[in-house]
Amino acid sequence: MSPADPHPDVRPDSVARRDWWKSAVVYQVYPRSFADSDGDGVGDLGGILDHLDHLELLGVDVVWLSPVYRSPMVDNGYDISDYHDVDPLFGTLEQLEELIAQLHARDMKLVMDLVVNHTSSAHAWFAESRSSTDNPKRDWYWWRSPRPGHEPGSPGSEPTNWGSAFSGPAWTYDDHTGEYYLHVFAPDQPDLNWENPEVRQAVYAMMRDWLDRGVDGFRMDVINVISKVVGPVGDDGRVTLPDGVLGGERDPRWPGVVDTVSFADTPAFVLNGPRVHEFLQEMHREVFTDRPPGLLIVGETPGCSVGEAVLYTDPSRGELDMVFQFEHVDLDSGPKGKWDVLRMTMLQLKQSLGRWQDGLAEVGWNSLYLGNHDQPRCVSRFGSDAPEHREQSAKALATVLHMHRGTPYVYQGDELGTSNAGFTRLEQLRDVESLNHYATAVARGEDPADVLRALAYKGRDNARVPMSWDASPGAGFTTGTPWLDLHPLSGSVNAAAQVEDPNSAFSHYRRLIALRHAEPCVAHGTFRMLLADHEQLYCFERSFGDTRLLVVANLSSAADVVPDLSELAAWSSAEPLIASVPGSSPPPPTRSPPGSPGSSVWPDRAVWEPLWAPSARPSRR
Ligand code: NOJ
């Protein structure tokens with residue numbers, strides 16, 4: 001194809017196209033932990049405004065802002081009590097408007113978190129709903145009578161046997177009206193009843209308000225939980241909600257805790273429910289149609305299969321642009337759920353991500369992520385945070401992720417190669433999910449040391465540790481006492497040490513992001529996995545027009561196995577583009593077969609704790 005006749009996906013006007021996000025990179029800011037401008041130990045909007053240079057230098061296109069709305073902060077803002085205002089802990093509405101304006105001035109967009117499966121129990125809607133059984137908003141939430149024949153409020157009297165993702169039953173008794181309300185998450189997060197059209201219209205109106213204020217889209221929290229499986233209308237005139245079977249297998253689609261002895265298979269009743277596509281299409285019509293191009297609509301969809309993702313993201317259906325699927329972040333969950341930690345192999349990761357690449361190759365689009373505020377740090381989970389490997393491991397993981405087909409998401413701090421905080425004491429933890437799990441698991445008789453070990457590996461506080469901006473006592477995050485302990489490595493692994501260093505993780509991320517912007521093959525090319533069964537090398541090819549890119553990453557540490565690289569022989573004259581090692585070209589091969597593309601090989605010594613060595617390098621032929 002000649003330059004005069006560019007591919008339609010890369011025409012100069014492509015940023016104005018509805019799929020501009022194919023060549024974009026999103027950065028997630030978890031505001032509580034990003035930067036504190038007023039010394040109270042909690043990050044805030046002022047702190048974000050102070051660090052826009054960091055984002056601009058990194059080169060990201062979009063900021064996804066985790067919730068800053070008014071909230072009692074039981075779940076750090078994912079429990080919203082007022083969708084129209086900013087919580088004073090984070091600042092003011094004016095500062096949020098300033099943030100939107102400043103991001104736009106720097107050619108970046110702002111995507112807000114949208115938490116509408118549930119509100120906070122402190123939301124005015126819930127207060128009204130709770131006030132009486134005949135309040136007009138009673139039906140905005142899921143209120144149901146206690147199970148007949150049981151003492152209301154006692155264990156077993158819940159309307160259904162569904163479990164909450166945050167431990168315990170999914171129902172809480174309210175003696176004010178003698179009924180239970182449903183909460184898939186914490187009791188302070190009652191689920192909205194999306195069956196009620198008034199609820200939906202109220203949500204859509206709120207979304208339109210934010211778009212009118214200039215935000216560029218939404219990251220929709222657990223959006224595939226909004227439609228519940230319901231039964232026929234019962235004697236009380238409300239649809240019934242069914243019980244599930246006790247004692248079955250844990251549903252592998254649900255990343256949360258499910259105690260299958262006490263609670264039924266909740267995901268079957270709340271994930272990808274019967275009306276979810278109808279609701280999303282309605283939302284699209286009511287909120288997004290007729291808006292100018294440039295918006296980003298991404299849905300968080302736990303337990304979403306490839307097939308469902310195709311439905312959610314098929315542009316012709318008018319639902320979502322892309323989804324966050326959970327398959328790869330559930331690979332290390334055992335039969336008893338998230339805290340039942342399993343060993344996982346790099347091969348499993350590769351097979352999983354590869355399946356999603358293939359599944360969304362023709363229709364739909366992938367969100368690419370290895371971590372976020374709900375997941376442990378990716379370098380500790382999928383790579384190695386051993387001192388001798390952490391930095392190279394972080395870079396190699398980044399290369400693999402960013403060179404896939406899809407839209408990459410950088411979680412704050414990952415661009416510095418931040419590892420898990422590894423909290424070992426209960427007093428260090430703040431997360432409601434972790435604290436609830438500890439209390440219920442220990443009450444069930446589990447060894448507290450085992451519970452803490454799982455939390456140190458997988459707890460959400462790992463990713464919520466304050467950003468390390470510099471080596472000062474408050475890590476440049478705060479002048480006060482941080483709400484969560486600083487990272488133990490903040491003195492050495494911090495932004496100040498990395499932004500000017502061409503060999504840092506930060507600089508490597510910059511190069512990867514720039515490559516996506518510059519090279520249409522990264523954004524639009526097809527994906528083909530190579531060496532699919534290799535247990536150490538993650539290797540794939542991207543192809544677009546007459547451009548082909550090869551990505552070779554060694555996800556291992558040992559150096560005494562040489563894989564058969566004959567499949568890559570055709571790349572022997574490839575020109576290296578990026579290498580995750582100091583200097584501009586890949587390291588010399590240790591041992592490689594003649595005719596190979598000079599791939600250095602640092603084979604693995606074990607499948608667990610794959611330790612990345614510096615061989616990640618996309619090359620152009
Ligand atoms: C998903 C969010 O990412 C998580 O942080 C939150 O706890 C749950 N949804 C409930 O809102």
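Modeller: Helices (H or I, at least four residues) and strands (E, at least two) are DSSP runs, numbered from the N terminus. With that rule, the chain has 17 helices and 20 strands. This is a predicted model, in which local features need pLDDT of at least 70, side-chain atom pairs count only at pLDDT 80 or more, and totals for chains, interfaces and linings use all residues. Residues are numbered from 1 along each chain as its sequence is written, and side-chain values use heavy atoms, with hydrogens and water left out.

Biologist: Thanks! Where is Ala-475 placed?

Modeller: Ala-475 sits in the loop between helix H14 (461–464) and helix H15 (495–498). Its phi is positive, about 60 degrees, although Ala-475 is not a glycine.

Biologist: What makes Ala-475 count as buried?

Modeller: Buried means under 20% relative accessible area, exposed over 50%, and partly exposed in between (1.4 Å probe, protein chains only). Ala-475 has 1%, so the residue falls in the buried class.

Biologist: And Leu-531: buried or exposed?

Modeller: Leu-531 has a relative accessibility of 7% and therefore counts as buried too. This residue also has a positive phi without being a glycine, about 50 degrees, and lies in the loop between strand S16 (526–530) and strand S17 (537–544). Over the chain, 61% of the 621 residues count as buried.

Biologist: Let's go to the sheet. In what order do the eight strands stand?

Modeller: The order is S11-S10-S9-S5-S2-S1-S15-S14, an open sheet with parallel pairing. Strand S11 (322–324) and strand S14 (367–368) each have a single partner strand, so one side of each is left without a neighbour in the sheet.

Biologist: What makes strand S10 mostly covered?

Modeller: Five of the five residues of S10 (residues 296–300) are buried. In a regular strand the side chains alternate between the two faces of the sheet. Here Leu-296, Val-298 and Glu-300 are buried on one side, and Ile-297 and Gly-299 on the other.

Biologist: Now the helices. Why are H7 and H8 called roughly parallel?

Modeller: Axes are lines fitted to C-alpha atoms, for helices over the stretch in contact, and angles run from 0 to 180 degrees between N-to-C directions. Angles under 35 degrees count as roughly parallel, over 145 as roughly antiparallel, 65 to 115 as roughly perpendicular and the rest as oblique. Helix H7 (residues 276–288) and helix H8 (residues 306–313) cross at roughly 25 degrees, with axes that come within 10 Å. H7 and H8 are therefore roughly parallel to each other.

Biologist: Which residues meet there?

Modeller: Val-276, His-277 and Leu-280 in H7 meet Glu-308, Leu-311 and Tyr-312 in H8, where contact means heavy atoms within 4.5 Å.

Biologist: Which strands does helix H3 lie across?

Modeller: Helix H3 (residues 93–105) lies across strand S2 (62–65) and strand S5 (109–114), at about 140 degrees to S5.

Technical notes: Two strands pair if DSSP finds at least two bridges between them.
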